[in-house]
2 protein chains.
Amino acid sequence: MIAETGLDTVTVSRTAARAGMSVGLVQHYFRAKDDMLLHAFQEVSTEIADRVARVVREGATHRRTIADVLLDALAEHLPLDGPRRAEFRVVRAFAGRALDSPALAEVDARTAEAVHAEIARAVRDGTECGEVEPDVDADTAATRIASVAEGLATRVYRGAPGVADHARAALRAELGTVFTGRCRQHEG
Amino acid sequence: MIAETGLDTVTVSRTAARAGMSVGLVQHYFRAKDDMLLHAFQEVSTEIADRVARVVREGATHRRTIADVLLDALAEHLPLDGPRRAEFRVVRAFAGRALDSPALAEVDARTAEAVHAEIARAVRDGTECGEVEPDVDADTAATRIASVAEGLATRVYRGAPGVADHARAALRAELGTVFTGRCRQHEG
DNA sequence: CGGATAACCATACGGTCATACGATTATTAC
DNA sequence: GTAATAATCGTATGACCGTATGGTTATCCG
């Protein structure tokens, strides 16, 4: 419902109707509407995090380059198709409301922190492996990469002509400034 | 009021009270509440654009490097102090609501387009001048730079420890990947 | 079996909000 | 000076929303 018509068209009674239940039952599960919304935000956040983790795991299994796996993981956030556009809308709607809700802000911050940590880990792995120069600071690089990913997602959603086509390439280019070498263990 | 307590605490009657006038008078100037909000969004958008333009003009007057001027212009968007945090909150609140309001979305998109165009122009100027390599595509570079700026602003606002201190440096580093040379006309 | 707990419903209440309305006062133009 | 237009106010109205309440049915455990 949030993805369809926005957060402020979500009312308790509409939610109940959509779920095929009564208002009373919704209240049985959630003390207040805000609890329900918070739960929804946590739900989608962990859902996205799980999907990204799966992409990383599968990429690692197929012994691909760290940069390539990271690219896939970050591209997962780009609103390039219907489902991901929906997810984007939900996350951004909550992010907007998080400006004035500490509870939502905490989920937002925790999610961002997790993404940042995952990128930083990839960079450190890259340093160990040889894909990244030893003098690169992982946290600084992670901040920049996460920022590009987030900013690109916004731009793709806004739909400036041609941006969608080049978003993935832009992401790859940014990663290319950090992952400049080749992994020793992937060489023959 | 949006910066203080958020968009959805803004009601017509509270706005009237804050302005020291009656509800009826607000209605006299704005047919509907949405018109009022749209007007506010347009107002802050042009206000910010004007301030950025002034920074650029002053930088150009003092014959500074294009990269340096651009850095100042972009840093203007970072929520590093009170007024800019307030602005950030307002813009983001509107951006969130723009997800479901075509009128607000248009202002949002137009503003983003203007920022992008300004960055692209700076890159092109840099190419002419010698600060940028000739094979750099201005639009691609502008997309990346704008994305970093936007993403960094989000991160600064979220207040991850240490990010604020390094935000400007991160921005400079990103610009450093595009503005790699020196302007011929600035040399002795 | 029987009692407790969970699932589930319909409705009423109190509050808030956007907007409509009708009126009065000030300003401007001819 | 007067007619029109703008500025200004107070209140009424109708709708909606979150939550409280009180109830009924199902499920499960000892």
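Q: In chain A, how much of the contacts with a separation of 6 or more comes from residues 24 or more positions apart?
A: In chain A that share is 61%, where a contact means C-beta atoms, placed from the backbone, within 7 Å. Keep in mind that this is a predicted model, where local features need pLDDT of at least 70, side-chain atom pairs count only at pLDDT 80 or more, and totals for chains, interfaces and linings use all residues. Residues are numbered from 1 along each chain as its sequence is written, with chains lettered from A and ligands numbered from 1 in the order in which they are written.

Q: OK, and how many helices and strands does chain A have?
A: Nine helices and zero strands, taken as DSSP runs (H or I, at least four residues, for helices; E, at least two, for strands) numbered from the N terminus.

Q: New topic: how many residues of chain B are in contact with chain A?
A: 31 residues of chain B touch 31 residues of chain A.

Q: Which helix of chain B gives the most to that side?
A: H8(B), with 12 residues.

Q: Why do the copies meet through the same surface?
A: Because 100% of the interface residues of chain B are also interface residues in chain A.

Methods: Contact = placed C-beta atoms within 7 Å.
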